[in-house]
There are 2 protein chains.
Amino acid sequence: MIAAFQGVHGAYSHLACRQLLGDKVATLPCETFDEVFAAVEFGRAQRGVLPIENSLAGSIHQNYDLLVQHDLCIVGETHLRVRHCLLVHPTATRATLREVRSHPQALAQCNAFFARNTADKTRHPVKPMVWFDTAGAAKSLADEKPLHVGAIAGEFAAELYGLKVLDRNIANQEVNFTRFLAIAKKPVKIPAGIAAKTSLAYMPPRNEVGVLFKVLGVFALRGIDLCKIESRPNPSHPFEYRFYLDIMGDAATGPVQKALDHLRELGGDLRVLGSYASAAPEIVPKRSNTHKTKPTKDKK
Amino acid sequence: MIAAFQGVHGAYSHLACRQLLGDKVATLPCETFDEVFAAVEFGRAQRGVLPIENSLAGSIHQNYDLLVQHDLCIVGETHLRVRHCLLVHPTATRATLREVRSHPQALAQCNAFFARNTADKTRHPVKPMVWFDTAGAAKSLADEKPLHVGAIAGEFAAELYGLKVLDRNIANQEVNFTRFLAIAKKPVKIPAGIAAKTSLAYMPPRNEVGVLFKVLGVFALRGIDLCKIESRPNPSHPFEYRFYLDIMGDAATGPVQKALDHLRELGGDLRVLGSYASAAPEIVPKRSNTHKTKPTKDKK
(Lines give C-alpha, C1' and ligand atoms only; values in the text may rest on other atoms or scores of the structure.)
Protein backbone atom coordinates (compact mmCIF):
# COMPACT_ATOMS: atom_id res chain seq x y z
CA MET A 1 0.00 0.00 0.00
CA ILE A 2 1.40 3.40 -1.02
CA ALA A 3 -0.09 6.61 0.43
CA ALA A 4 0.48 10.03 -1.14
CA PHE A 5 0.58 13.10 1.11
CA GLN A 6 1.46 16.78 0.74
CA GLY A 7 4.71 17.80 2.42
CA VAL A 8 8.03 16.19 3.25
CA HIS A 9 8.71 13.09 5.35
CA GLY A 10 8.17 13.86 9.02
CA ALA A 11 5.25 16.23 8.33
CA TYR A 12 2.04 15.91 10.35
CA SER A 13 0.47 14.57 7.12
CA HIS A 14 3.08 11.79 7.03
CA LEU A 15 2.18 10.86 10.62
CA ALA A 16 -1.51 10.89 9.60
CA CYS A 17 -0.68 8.33 6.86
CA ARG A 18 0.68 6.00 9.55
CA GLN A 19 -2.21 6.68 11.91
CA LEU A 20 -4.65 5.82 9.11
CA LEU A 21 -2.84 2.99 7.36
CA GLY A 22 -0.35 1.52 9.84
CA ASP A 23 3.33 2.18 10.52
CA LYS A 24 4.47 0.09 7.58
CA VAL A 25 2.67 2.08 4.88
CA ALA A 26 4.93 3.27 2.06
CA THR A 27 4.56 6.99 1.46
CA LEU A 28 4.84 9.28 -1.55
CA PRO A 29 5.55 12.91 -0.59
CA CYS A 30 3.93 15.42 -2.98
CA GLU A 31 4.50 19.14 -3.40
CA THR A 32 0.82 20.11 -3.68
CA PHE A 33 -2.64 18.76 -2.87
CA ASP A 34 -3.37 18.54 -6.63
CA GLU A 35 -0.44 16.16 -6.93
CA VAL A 36 -1.88 13.97 -4.15
CA PHE A 37 -5.13 13.64 -6.12
CA ALA A 38 -3.21 12.97 -9.35
CA ALA A 39 -1.07 10.29 -7.64
CA VAL A 40 -4.23 8.38 -6.63
CA GLU A 41 -5.99 8.94 -9.96
CA PHE A 42 -3.04 7.69 -11.99
CA GLY A 43 -2.33 4.77 -9.65
CA ARG A 44 1.05 5.91 -8.34
CA ALA A 45 -0.53 5.61 -4.88
CA GLN A 46 -3.51 3.58 -3.64
CA ARG A 47 -4.41 6.17 -1.03
CA GLY A 48 -4.15 9.94 -0.68
CA VAL A 49 -4.10 11.50 2.79
CA LEU A 50 -5.37 15.09 3.12
CA PRO A 51 -5.90 17.52 5.99
CA ILE A 52 -9.53 18.70 5.77
CA GLU A 53 -10.04 20.77 8.92
CA ASN A 54 -8.07 22.08 11.87
CA SER A 55 -9.52 22.99 15.24
CA LEU A 56 -7.85 26.44 15.16
CA ALA A 57 -7.55 27.23 11.47
CA GLY A 58 -10.88 25.76 10.26
CA SER A 59 -11.83 23.76 7.17
CA ILE A 60 -9.48 23.65 4.22
CA HIS A 61 -11.86 24.68 1.42
CA GLN A 62 -9.25 23.99 -1.22
CA ASN A 63 -9.34 20.27 -0.41
CA TYR A 64 -13.13 20.23 -0.39
CA ASP A 65 -13.00 21.82 -3.86
CA LEU A 66 -10.61 19.11 -5.04
CA LEU A 67 -12.86 16.38 -3.61
CA VAL A 68 -15.80 17.83 -5.57
CA GLN A 69 -13.74 18.20 -8.78
CA HIS A 70 -12.23 14.70 -8.72
CA ASP A 71 -13.97 11.37 -8.94
CA LEU A 72 -12.29 9.78 -5.91
CA CYS A 73 -13.95 8.74 -2.66
CA ILE A 74 -13.25 9.21 1.01
CA VAL A 75 -12.44 5.84 2.60
CA GLY A 76 -11.28 6.84 6.09
CA GLU A 77 -10.71 9.62 8.60
CA THR A 78 -8.44 10.26 11.58
CA HIS A 79 -7.94 13.09 14.05
CA LEU A 80 -4.31 13.91 14.62
CA ARG A 81 -3.33 15.86 17.68
CA VAL A 82 -0.84 18.56 16.67
CA ARG A 83 1.83 18.87 19.35
CA HIS A 84 4.52 21.33 18.36
CA CYS A 85 7.88 20.36 19.91
CA LEU A 86 11.20 22.17 20.11
CA LEU A 87 13.81 20.00 18.39
CA VAL A 88 17.59 20.34 18.13
CA HIS A 89 20.45 18.30 16.75
CA PRO A 90 21.63 15.82 19.45
CA THR A 91 24.90 17.75 19.86
CA ALA A 92 23.05 21.03 20.58
CA THR A 93 21.70 22.10 23.98
CA ARG A 94 19.34 24.70 25.35
CA ALA A 95 22.38 26.84 26.20
CA THR A 96 23.67 26.87 22.62
CA LEU A 97 20.27 27.69 21.08
CA ARG A 98 19.89 31.11 19.39
CA GLU A 99 17.26 30.64 16.68
CA VAL A 100 14.35 28.35 15.85
CA ARG A 101 13.12 27.50 12.37
CA SER A 102 9.54 26.64 11.43
CA HIS A 103 6.54 27.43 9.26
CA PRO A 104 5.16 30.90 10.12
CA GLN A 105 1.86 29.40 11.34
CA ALA A 106 3.69 27.10 13.78
CA LEU A 107 5.91 30.01 14.92
CA ALA A 108 2.78 32.12 15.49
CA GLN A 109 1.11 29.27 17.39
CA CYS A 110 4.19 29.15 19.67
CA ASN A 111 4.81 32.89 20.08
CA ALA A 112 4.27 32.68 23.86
CA PHE A 113 7.28 30.34 23.97
CA PHE A 114 9.47 33.00 22.32
CA ALA A 115 8.07 35.70 24.61
CA ARG A 116 8.80 33.60 27.74
CA ASN A 117 12.30 32.95 26.49
CA THR A 118 12.93 36.66 25.97
CA ALA A 119 11.45 37.50 29.40
CA ASP A 120 13.66 34.92 31.16
CA LYS A 121 16.91 36.78 31.78
CA THR A 122 18.75 33.56 32.68
CA ARG A 123 18.38 32.44 29.05
CA HIS A 124 19.70 33.71 25.76
CA PRO A 125 16.96 35.18 23.59
CA VAL A 126 15.88 32.84 20.78
CA LYS A 127 14.86 34.26 17.43
CA PRO A 128 12.09 32.75 15.24
CA MET A 129 13.15 32.05 11.65
CA VAL A 130 10.69 31.23 8.86
CA TRP A 131 10.99 27.93 7.00
CA PHE A 132 8.82 26.30 4.30
CA ASP A 133 7.36 23.68 6.61
CA THR A 134 7.80 22.19 10.07
CA ALA A 135 9.27 18.85 8.93
CA GLY A 136 11.59 20.59 6.45
CA ALA A 137 12.92 22.71 9.32
CA ALA A 138 13.58 19.50 11.30
CA LYS A 139 15.28 17.89 8.32
CA SER A 140 17.56 20.92 7.89
CA LEU A 141 18.91 20.34 11.44
CA ALA A 142 19.79 16.74 10.56
CA ASP A 143 21.50 17.94 7.36
CA GLU A 144 23.41 20.91 8.82
CA LYS A 145 23.95 19.72 12.44
CA PRO A 146 23.98 23.30 13.78
CA LEU A 147 24.53 23.93 17.52
CA HIS A 148 22.65 27.23 17.63
CA VAL A 149 19.53 26.36 15.57
CA GLY A 150 16.39 24.50 16.63
CA ALA A 151 13.14 23.66 14.84
CA ILE A 152 9.47 23.53 15.79
CA ALA A 153 7.91 20.35 14.43
CA GLY A 154 6.18 17.18 15.61
CA GLU A 155 7.95 14.61 17.75
CA PHE A 156 7.60 12.20 14.82
CA ALA A 157 10.01 14.41 12.81
CA ALA A 158 12.53 14.09 15.67
CA GLU A 159 12.32 10.29 15.56
CA LEU A 160 12.65 10.25 11.80
CA TYR A 161 15.63 12.60 11.59
CA GLY A 162 17.39 11.55 14.82
CA LEU A 163 16.87 14.83 16.65
CA LYS A 164 16.56 15.61 20.35
CA VAL A 165 13.28 16.92 21.83
CA LEU A 166 14.03 19.87 24.17
CA ASP A 167 10.39 20.79 24.89
CA ARG A 168 7.10 19.04 24.17
CA ASN A 169 3.85 20.82 23.25
CA ILE A 170 5.16 24.41 23.30
CA ALA A 171 2.11 25.86 21.49
CA ASN A 172 0.03 28.61 23.13
CA GLN A 173 -3.12 26.52 22.67
CA GLU A 174 -2.83 23.07 24.18
CA VAL A 175 -5.64 21.58 22.10
CA ASN A 176 -4.96 21.53 18.37
CA PHE A 177 -6.37 18.78 16.18
CA THR A 178 -6.26 18.27 12.46
CA ARG A 179 -8.75 15.94 10.84
CA PHE A 180 -7.30 13.98 7.92
CA LEU A 181 -9.15 12.04 5.23
CA ALA A 182 -7.93 9.03 3.26
CA ILE A 183 -9.04 9.01 -0.38
CA ALA A 184 -9.01 6.18 -2.90
CA LYS A 185 -10.36 5.29 -6.35
CA LYS A 186 -12.97 2.85 -5.02
CA PRO A 187 -14.93 2.67 -1.75
CA VAL A 188 -13.75 0.20 0.91
CA LYS A 189 -15.88 -2.06 3.09
CA ILE A 190 -16.59 -0.59 6.52
CA PRO A 191 -15.61 -3.12 9.23
CA ALA A 192 -18.58 -4.69 11.04
CA GLY A 193 -19.46 -3.08 14.36
CA ILE A 194 -17.87 0.27 13.47
CA ALA A 195 -20.11 3.30 13.01
CA ALA A 196 -20.11 4.64 9.47
CA LYS A 197 -19.97 8.30 8.49
CA THR A 198 -20.91 9.78 5.11
CA SER A 199 -19.59 13.05 3.68
CA LEU A 200 -21.67 15.04 1.20
CA ALA A 201 -21.33 18.18 -0.88
CA TYR A 202 -24.70 19.62 -1.86
CA MET A 203 -25.70 22.68 -3.85
CA PRO A 204 -29.45 23.44 -3.70
CA PRO A 205 -31.20 24.23 -7.00
CA ARG A 206 -31.72 27.88 -5.91
CA ASN A 207 -31.05 29.91 -2.80
CA GLU A 208 -34.54 30.33 -1.38
CA VAL A 209 -35.19 31.25 2.25
CA GLY A 210 -35.30 28.10 4.36
CA VAL A 211 -33.69 25.80 1.78
CA LEU A 212 -31.24 24.44 4.35
CA PHE A 213 -34.10 23.82 6.78
CA LYS A 214 -35.65 21.53 4.15
CA VAL A 215 -32.31 19.80 3.54
CA LEU A 216 -31.77 19.13 7.24
CA GLY A 217 -35.38 17.90 7.51
CA VAL A 218 -34.45 15.06 5.15
CA PHE A 219 -32.04 13.80 7.83
CA ALA A 220 -33.70 15.00 11.07
CA LEU A 221 -37.06 13.41 10.22
CA ARG A 222 -35.27 10.06 9.80
CA GLY A 223 -33.29 10.40 13.06
CA ILE A 224 -29.95 10.66 11.23
CA ASP A 225 -27.28 12.43 13.25
CA LEU A 226 -25.42 15.36 11.69
CA CYS A 227 -21.72 15.67 12.65
CA LYS A 228 -20.66 18.60 10.51
CA ILE A 229 -22.22 21.34 8.45
CA GLU A 230 -20.58 24.17 6.61
CA SER A 231 -21.80 26.59 3.98
CA ARG A 232 -19.35 27.50 1.28
CA PRO A 233 -20.18 30.68 -0.62
CA ASN A 234 -19.35 30.81 -4.31
CA PRO A 235 -17.31 33.99 -4.83
CA SER A 236 -18.32 34.12 -8.50
CA HIS A 237 -22.02 33.90 -7.62
CA PRO A 238 -22.69 35.68 -4.30
CA PHE A 239 -26.08 34.03 -3.78
CA GLU A 240 -25.03 30.47 -4.56
CA TYR A 241 -23.90 28.20 -1.74
CA ARG A 242 -22.55 24.73 -1.52
CA PHE A 243 -23.02 22.90 1.77
CA TYR A 244 -20.63 20.36 3.22
CA LEU A 245 -22.39 17.85 5.45
CA ASP A 246 -21.15 14.86 7.42
CA ILE A 247 -23.85 12.52 8.65
CA MET A 248 -23.72 9.28 10.62
CA GLY A 249 -24.49 6.14 8.61
CA ASP A 250 -23.59 4.40 5.36
CA ALA A 251 -24.83 5.91 2.06
CA ALA A 252 -25.42 2.42 0.65
CA THR A 253 -27.92 1.18 3.20
CA GLY A 254 -30.90 1.92 5.44
CA PRO A 255 -32.21 5.38 6.33
CA VAL A 256 -29.18 7.27 4.90
CA GLN A 257 -29.77 5.73 1.48
CA LYS A 258 -33.44 6.79 1.68
CA ALA A 259 -32.51 10.29 2.90
CA LEU A 260 -30.14 10.74 -0.04
CA ASP A 261 -32.87 9.67 -2.46
CA HIS A 262 -35.14 12.24 -0.79
CA LEU A 263 -32.42 14.90 -1.13
CA ARG A 264 -32.13 14.12 -4.86
CA GLU A 265 -35.90 14.76 -5.15
CA LEU A 266 -35.24 18.35 -4.00
CA GLY A 267 -33.03 18.82 -7.07
CA GLY A 268 -29.69 20.63 -7.04
CA ASP A 269 -26.29 19.03 -7.19
CA LEU A 270 -25.54 16.25 -4.70
CA ARG A 271 -22.11 14.66 -4.50
CA VAL A 272 -21.63 11.73 -2.11
CA LEU A 273 -17.93 12.06 -1.28
CA GLY A 274 -17.74 8.70 0.50
CA SER A 275 -18.83 6.50 3.41
CA TYR A 276 -16.15 5.35 5.85
CA ALA A 277 -15.48 4.19 9.41
CA SER A 278 -16.03 7.10 11.80
CA ALA A 279 -13.13 7.91 14.13
CA ALA A 280 -13.48 10.04 17.25
CA PRO A 281 -10.70 12.41 18.33
CA GLU A 282 -8.70 11.75 21.50
CA ILE A 283 -10.48 13.36 24.45
CA VAL A 284 -8.42 16.17 25.96
CA PRO A 285 -9.53 17.14 29.48
CA LYS A 286 -10.72 20.76 29.69
CA ARG A 287 -8.14 23.12 31.18
CA SER A 288 -7.45 26.81 31.22
CA ASN A 289 -5.58 28.01 28.18
CA THR A 290 -2.74 29.28 30.34
CA HIS A 291 0.32 27.64 28.95
CA LYS A 292 2.37 25.35 31.13
CA THR A 293 5.66 24.23 29.66
CA LYS A 294 6.79 20.80 30.63
CA PRO A 295 10.51 21.08 29.98
CA THR A 296 12.35 17.84 29.46
CA LYS A 297 15.74 17.27 30.97
CA ASP A 298 18.43 18.68 28.73
CA LYS A 299 21.30 16.23 29.10
CA LYS A 300 24.05 18.69 28.50
CA MET B 1 -10.41 56.82 14.26
CA ILE B 2 -7.66 54.28 14.89
CA ALA B 3 -7.97 50.72 13.60
CA ALA B 4 -5.86 47.85 14.93
CA PHE B 5 -4.94 44.98 12.58
CA GLN B 6 -2.65 41.96 12.68
CA GLY B 7 0.42 42.23 10.47
CA VAL B 8 2.66 44.97 9.14
CA HIS B 9 1.71 48.02 7.07
CA GLY B 10 0.92 46.97 3.52
CA ALA B 11 -0.68 43.68 4.61
CA TYR B 12 -4.05 42.65 3.15
CA SER B 13 -5.46 43.39 6.65
CA HIS B 14 -4.17 46.96 6.39
CA LEU B 15 -5.94 47.35 3.04
CA ALA B 16 -9.10 45.90 4.66
CA CYS B 17 -8.90 48.70 7.31
CA ARG B 18 -9.02 51.25 4.50
CA GLN B 19 -11.76 49.43 2.63
CA LEU B 20 -13.86 49.37 5.82
CA LEU B 21 -13.03 52.74 7.35
CA GLY B 22 -11.77 54.96 4.54
CA ASP B 23 -8.30 55.78 3.23
CA LYS B 24 -7.57 58.25 6.01
CA VAL B 25 -7.98 55.80 8.90
CA ALA B 26 -5.01 55.69 11.27
CA THR B 27 -3.77 52.14 11.80
CA LEU B 28 -2.14 50.26 14.64
CA PRO B 29 -0.24 47.15 13.45
CA CYS B 30 -0.32 44.29 15.99
CA GLU B 31 1.72 41.11 16.18
CA THR B 32 -1.18 38.78 17.05
CA PHE B 33 -4.99 38.66 16.87
CA ASP B 34 -5.11 38.69 20.69
CA GLU B 35 -3.34 42.05 20.59
CA VAL B 36 -5.96 43.39 18.17
CA PHE B 37 -8.70 42.49 20.67
CA ALA B 38 -6.69 43.98 23.55
CA ALA B 39 -6.09 47.21 21.60
CA VAL B 40 -9.85 47.70 21.18
CA GLU B 41 -10.68 46.62 24.75
CA PHE B 42 -8.16 48.99 26.32
CA GLY B 43 -9.05 51.87 24.00
CA ARG B 44 -5.77 52.10 22.09
CA ALA B 45 -7.89 51.64 18.95
CA GLN B 46 -11.59 52.29 18.28
CA ARG B 47 -11.82 49.47 15.76
CA GLY B 48 -10.17 46.09 15.25
CA VAL B 49 -10.08 44.57 11.78
CA LEU B 50 -9.89 40.76 11.52
CA PRO B 51 -9.89 38.22 8.70
CA ILE B 52 -12.68 35.73 9.47
CA GLU B 53 -12.85 33.52 6.38
CA ASN B 54 -11.05 33.00 3.11
CA SER B 55 -12.57 31.46 0.00
CA LEU B 56 -9.70 28.94 -0.33
CA ALA B 57 -8.51 28.46 3.25
CA GLY B 58 -11.90 28.54 5.03
CA SER B 59 -13.02 30.13 8.31
CA ILE B 60 -10.44 31.24 10.84
CA HIS B 61 -11.74 29.46 13.95
CA GLN B 62 -9.20 31.19 16.15
CA ASN B 63 -10.86 34.55 15.49
CA TYR B 64 -14.33 33.12 16.10
CA ASP B 65 -13.01 31.82 19.45
CA LEU B 66 -11.69 35.29 20.31
CA LEU B 67 -15.05 36.87 19.36
CA VAL B 68 -16.82 34.45 21.73
CA GLN B 69 -14.29 35.02 24.54
CA HIS B 70 -14.29 38.84 24.36
CA ASP B 71 -17.14 41.22 24.97
CA LEU B 72 -16.73 43.22 21.76
CA CYS B 73 -19.16 43.43 18.87
CA ILE B 74 -18.95 43.15 15.11
CA VAL B 75 -19.81 46.52 13.52
CA GLY B 76 -18.94 45.93 9.86
CA GLU B 77 -17.76 43.53 7.19
CA THR B 78 -15.95 43.72 3.87
CA HIS B 79 -14.82 41.23 1.25
CA LEU B 80 -11.30 41.87 0.05
CA ARG B 81 -10.16 40.35 -3.19
CA VAL B 82 -6.68 38.88 -2.69
CA ARG B 83 -4.57 39.54 -5.79
CA HIS B 84 -1.01 38.35 -5.34
CA CYS B 85 1.40 40.49 -7.39
CA LEU B 86 5.07 40.12 -8.20
CA LEU B 87 6.87 43.19 -6.85
CA VAL B 88 10.46 44.35 -7.24
CA HIS B 89 12.50 47.40 -6.30
CA PRO B 90 12.16 50.05 -9.06
CA THR B 91 15.80 49.52 -10.07
CA ALA B 92 15.29 45.76 -10.58
CA THR B 93 13.91 44.13 -13.72
CA ARG B 94 12.55 40.78 -14.80
CA ALA B 95 16.00 39.97 -16.22
CA THR B 96 17.78 40.57 -12.90
CA LEU B 97 15.27 38.53 -10.85
CA ARG B 98 16.55 35.30 -9.25
CA GLU B 99 14.44 34.78 -6.11
CA VAL B 100 11.04 35.80 -4.74
CA ARG B 101 10.16 36.22 -1.07
CA SER B 102 6.76 35.66 0.47
CA HIS B 103 4.71 33.83 3.09
CA PRO B 104 4.66 30.07 2.36
CA GLN B 105 0.89 30.14 1.74
CA ALA B 106 1.24 32.88 -0.89
CA LEU B 107 4.19 31.02 -2.47
CA ALA B 108 2.08 27.85 -2.59
CA GLN B 109 -0.85 29.77 -4.09
CA CYS B 110 1.51 30.99 -6.83
CA ASN B 111 3.47 27.78 -7.46
CA ALA B 112 2.26 27.62 -11.08
CA PHE B 113 4.07 30.95 -11.62
CA PHE B 114 7.36 29.40 -10.46
CA ALA B 115 6.75 26.30 -12.58
CA ARG B 116 6.08 28.42 -15.70
CA ASN B 117 9.21 30.42 -15.03
CA THR B 118 11.30 27.26 -14.76
CA ALA B 119 9.71 25.79 -17.92
CA ASP B 120 10.40 28.96 -19.94
CA LYS B 121 13.96 28.49 -21.17
CA THR B 122 14.20 32.16 -22.25
CA ARG B 123 14.05 33.16 -18.56
CA HIS B 124 16.31 32.62 -15.58
CA PRO B 125 14.76 30.27 -13.03
CA VAL B 126 13.35 32.11 -10.01
CA LYS B 127 13.53 30.51 -6.58
CA PRO B 128 10.81 30.89 -3.91
CA MET B 129 12.09 32.09 -0.51
CA VAL B 130 9.99 31.98 2.66
CA TRP B 131 9.28 35.18 4.56
CA PHE B 132 7.14 35.93 7.64
CA ASP B 133 4.42 37.70 5.68
CA THR B 134 3.66 39.13 2.27
CA ALA B 135 3.88 42.80 3.26
CA GLY B 136 7.08 42.18 5.25
CA ALA B 137 8.62 40.67 2.14
CA ALA B 138 7.64 43.80 0.18
CA LYS B 139 9.06 46.06 2.91
CA SER B 140 12.36 44.17 2.84
CA LEU B 141 12.77 45.11 -0.85
CA ALA B 142 12.32 48.78 -0.02
CA ASP B 143 14.87 48.45 2.81
CA GLU B 144 17.52 46.43 0.95
CA LYS B 145 16.94 47.60 -2.66
CA PRO B 146 18.13 44.28 -4.14
CA LEU B 147 18.26 43.78 -7.91
CA HIS B 148 17.81 40.00 -7.82
CA VAL B 149 15.01 39.65 -5.24
CA GLY B 150 11.25 40.10 -5.70
CA ALA B 151 8.28 39.69 -3.37
CA ILE B 152 4.75 38.34 -3.69
CA ALA B 153 2.33 40.71 -1.99
CA GLY B 154 -0.67 42.90 -2.74
CA GLU B 155 -0.43 45.90 -5.07
CA PHE B 156 -1.20 48.08 -2.04
CA ALA B 157 2.17 47.06 -0.53
CA ALA B 158 3.86 48.23 -3.76
CA GLU B 159 2.19 51.64 -3.49
CA LEU B 160 3.11 51.94 0.17
CA TYR B 161 6.77 50.94 -0.20
CA GLY B 162 7.40 52.50 -3.64
CA LEU B 163 7.91 49.21 -5.48
CA LYS B 164 7.33 48.24 -9.09
CA VAL B 165 4.62 45.70 -10.05
CA LEU B 166 6.08 43.21 -12.57
CA ASP B 167 3.01 40.92 -12.72
CA ARG B 168 -0.53 41.27 -11.42
CA ASN B 169 -2.62 38.39 -10.03
CA ILE B 170 -0.05 35.60 -10.42
CA ALA B 171 -1.94 33.15 -8.19
CA ASN B 172 -3.03 29.75 -9.54
CA GLN B 173 -6.63 30.46 -8.49
CA GLU B 174 -7.96 33.69 -9.92
CA VAL B 175 -10.74 34.05 -7.36
CA ASN B 176 -9.53 34.47 -3.80
CA PHE B 177 -11.52 36.53 -1.32
CA THR B 178 -10.99 37.18 2.36
CA ARG B 179 -13.90 38.40 4.45
CA PHE B 180 -12.86 40.86 7.15
CA LEU B 181 -14.85 42.03 10.17
CA ALA B 182 -14.60 45.33 12.03
CA ILE B 183 -15.01 45.02 15.80
CA ALA B 184 -15.68 47.73 18.39
CA LYS B 185 -16.68 48.15 22.03
CA LYS B 186 -20.21 49.32 21.23
CA PRO B 187 -22.57 48.60 18.34
CA VAL B 188 -22.92 51.25 15.61
CA LYS B 189 -26.10 52.43 13.89
CA ILE B 190 -26.72 50.68 10.57
CA PRO B 191 -27.28 53.30 7.83
CA ALA B 192 -30.88 53.51 6.60
CA GLY B 193 -31.59 51.59 3.40
CA ILE B 194 -28.71 49.17 3.90
CA ALA B 195 -29.47 45.52 4.62
CA ALA B 196 -28.36 44.39 8.06
CA LYS B 197 -26.65 41.11 8.87
CA THR B 198 -26.36 39.50 12.31
CA SER B 199 -23.64 37.05 13.40
CA LEU B 200 -24.33 34.49 16.11
CA ALA B 201 -22.46 31.80 18.00
CA TYR B 202 -24.79 29.19 19.46
CA MET B 203 -24.18 26.05 21.49
CA PRO B 204 -27.30 23.88 21.93
CA PRO B 205 -28.03 22.57 25.45
CA ARG B 206 -27.26 18.99 24.33
CA ASN B 207 -26.39 17.28 21.08
CA GLU B 208 -29.62 15.49 20.24
CA VAL B 209 -30.46 14.26 16.76
CA GLY B 210 -32.11 17.06 14.78
CA VAL B 211 -31.15 19.88 17.15
CA LEU B 212 -29.88 22.01 14.26
CA PHE B 213 -33.10 21.38 12.36
CA LYS B 214 -34.98 22.98 15.29
CA VAL B 215 -32.51 25.88 15.40
CA LEU B 216 -32.91 26.59 11.69
CA GLY B 217 -36.69 26.31 12.05
CA VAL B 218 -36.56 29.36 14.34
CA PHE B 219 -35.32 31.37 11.34
CA ALA B 220 -36.87 29.52 8.37
CA LEU B 221 -40.41 29.69 9.80
CA ARG B 222 -40.01 33.49 10.05
CA GLY B 223 -38.64 33.85 6.50
CA ILE B 224 -35.21 34.97 7.75
CA ASP B 225 -32.43 34.31 5.25
CA LEU B 226 -29.35 32.40 6.38
CA CYS B 227 -26.04 33.53 4.81
CA LYS B 228 -23.58 31.30 6.64
CA ILE B 229 -23.59 28.25 8.83
CA GLU B 230 -20.71 26.34 10.27
CA SER B 231 -20.42 23.72 12.99
CA ARG B 232 -17.39 23.95 15.20
CA PRO B 233 -16.61 20.75 17.10
CA ASN B 234 -15.18 21.08 20.60
CA PRO B 235 -12.01 18.98 20.65
CA SER B 236 -12.24 18.61 24.45
CA HIS B 237 -15.83 17.31 24.19
CA PRO B 238 -16.28 15.31 20.98
CA PHE B 239 -20.10 15.47 21.05
CA GLU B 240 -20.42 19.16 21.80
CA TYR B 241 -20.75 21.61 18.93
CA ARG B 242 -20.90 25.33 18.60
CA PHE B 243 -22.59 26.72 15.50
CA TYR B 244 -21.66 29.94 13.77
CA LEU B 245 -24.60 31.49 11.95
CA ASP B 246 -24.98 34.66 9.90
CA ILE B 247 -28.55 35.72 9.21
CA MET B 248 -30.02 38.68 7.36
CA GLY B 249 -31.60 41.34 9.58
CA ASP B 250 -30.92 43.40 12.70
CA ALA B 251 -30.91 41.63 16.10
CA ALA B 252 -32.58 44.67 17.72
CA THR B 253 -35.76 44.74 15.64
CA GLY B 254 -38.52 42.81 13.91
CA PRO B 255 -38.51 39.11 13.14
CA VAL B 256 -34.80 38.60 13.98
CA GLN B 257 -35.38 39.89 17.51
CA LYS B 258 -38.30 37.47 17.88
CA ALA B 259 -36.29 34.57 16.39
CA LEU B 260 -33.48 35.18 18.89
CA ASP B 261 -35.98 35.18 21.76
CA HIS B 262 -37.30 31.88 20.40
CA LEU B 263 -33.75 30.50 20.19
CA ARG B 264 -33.17 31.45 23.85
CA GLU B 265 -36.28 29.40 24.72
CA LEU B 266 -34.47 26.31 23.35
CA GLY B 267 -31.79 26.85 25.99
CA GLY B 268 -28.06 26.48 25.38
CA ASP B 269 -25.57 29.29 25.00
CA LEU B 270 -26.39 32.06 22.52
CA ARG B 271 -23.94 34.87 21.81
CA VAL B 272 -25.05 37.66 19.48
CA LEU B 273 -21.71 38.77 18.04
CA GLY B 274 -23.15 41.88 16.37
CA SER B 275 -25.46 43.39 13.76
CA TYR B 276 -23.91 45.41 10.95
CA ALA B 277 -24.33 46.62 7.38
CA SER B 278 -24.09 43.65 5.01
CA ALA B 279 -21.53 43.96 2.20
CA ALA B 280 -21.54 41.76 -0.90
CA PRO B 281 -18.27 40.65 -2.51
CA GLU B 282 -17.25 41.92 -5.94
CA ILE B 283 -18.73 39.64 -8.60
CA VAL B 284 -16.03 37.80 -10.53
CA PRO B 285 -17.26 36.35 -13.83
CA LYS B 286 -16.94 32.56 -13.97
CA ARG B 287 -13.96 31.34 -15.95
CA SER B 288 -11.87 28.24 -16.24
CA ASN B 289 -9.21 27.99 -13.55
CA THR B 290 -6.47 27.86 -16.18
CA HIS B 291 -4.14 30.63 -15.28
CA LYS B 292 -3.49 33.43 -17.71
CA THR B 293 -0.75 35.82 -16.76
CA LYS B 294 -1.25 39.38 -17.79
CA PRO B 295 2.32 40.62 -17.74
CA THR B 296 2.78 44.32 -17.37
CA LYS B 297 5.38 46.16 -19.36
CA ASP B 298 8.75 45.94 -17.66
CA LYS B 299 10.36 49.31 -18.33
CA LYS B 300 13.89 48.13 -18.25
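The exercises below treat a predicted model.

Residues are numbered from 1 along each chain as its sequence is written, and chains are lettered from A in the order written. In this predicted model local features need pLDDT of at least 70, side-chain atom pairs count only at pLDDT 80 or more, totals for chains, interfaces and linings use all residues, and side-chain values use heavy atoms, without hydrogens and water.

**Exercise 1.** Determine how chain B is related to chain A.

*Solution.* Superpose the copies by least squares on the C-alpha atoms of residues with pLDDT of at least 70 in both. Next, take contact as heavy atoms within 4.5 Å: 100% of the contact residues of chain B recur in chain A, so the same surface serves both copies.

**Exercise 2.** Decide which side of helix α9 of chain A is buried.

*Solution.* Helices are DSSP runs of H or I with at least four residues, numbered from the N terminus; α9(A) covers residues 254–265. Buried means under 20% relative accessible area and exposed over 50%, with a 1.4 Å probe and protein chains only. A:Val256, A:Ala259, A:Leu260 and A:Leu263 are buried. They lie on the same side of α9(A) because they cover an arc of only 100 degrees around the axis, taken from the directions from the helix axis to the C-beta atoms. On the other side, A:Lys258 and A:Glu265 are exposed. Just after α9(A), A:Gly267 has a positive phi of about 85 degrees.

Conventions:
Helix = DSSP H or I, 4+ residues; strand = E, 2+ residues; numbered from the N terminus. Expected span 1.5 Å × (residues − 1).
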